Amino acid sequence: RRLLNNDETKACVFLATDSPDKYAPGVCSVYESRPFGCKSYPIILNKEDIAILDKLCPHTDEFDEPKENDAMLLLNLEEKLKR
């Protein structure tokens, strides 16, 4: 599962940019109060609810492999979002 992207720019909905480039430069417009999903990225859940590094992120080599606790935190977030 991935974070929502802007339909026009294809970038993160919170990225302040006008560029249609998927990896557009820009500034996070909600950085100080960004959602937990943003703080934990590039850790995402796969179809089996296992925490993995998002292969679409060009910087995954800069992050540690996710731990089991990461999956639990994202599953709890997902449950809260369903309410």
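In this structure, a polar atom of the Thr 17 side chain lies 3.3 Å from the backbone oxygen of Pro 25. That separation falls under the definition of a polar contact, a pair of N or O atoms within 3.5 Å, where within protein one must be able to donate a hydrogen and the other to accept it, and where residues adjacent in sequence count only if both atoms are side-chain atoms. The model is predicted, so local features need pLDDT of at least 70 and side-chain atom pairs count only at pLDDT 80 or more, while totals for chains, interfaces and linings use all residues. Residues are numbered from 1 along each chain as its sequence is written, and side-chain values use heavy atoms, with hydrogens and water left out.

Thr 17 sits in the loop between strand E1 (15–16) and strand E2 (27–28). Its relative accessibility is 17%, and it therefore counts as buried (under 20% relative accessible area; exposed is over 50% and partly exposed is in between, with a 1.4 Å probe and protein chains only).

The protein as a whole has 2 helices and 4 strands. These are DSSP runs numbered from the N terminus, helices being H or I with at least four residues and strands being E with at least two. Along the sequence the order is β-β-α-β-β-α. The C-alpha trace spans about 35 × 35 × 25 Å along its principal axes.

Of the 83 residues, 22% are buried. Among contacts (heavy atoms within 4.5 Å) with a separation of 6 or more, 30% are between residues 24 or more positions apart. The protein exposes about 6500 Å², of which carbon and sulfur atoms supply 53%; accessible areas come from the Shrake-Rupley method with a 1.4 Å probe, and for residues only the protein chains shown count as cover.

Leu 56 is partly exposed, with a relative accessible area of 40%. Its C-alpha atom is separated by 22 Å from that of Met 72, 16 residues apart along the chain.

The cysteines come last. A disulfide is a covalent bond between the sulfur atoms of two cysteines. Here it is defined as a pair of cysteine sulfur atoms within 2.5 Å, and a search of the whole structure finds 0 of them. Cys 38 is partly exposed at 21% relative accessible area, whereas Cys 57 counts as buried at 10% relative accessibility.
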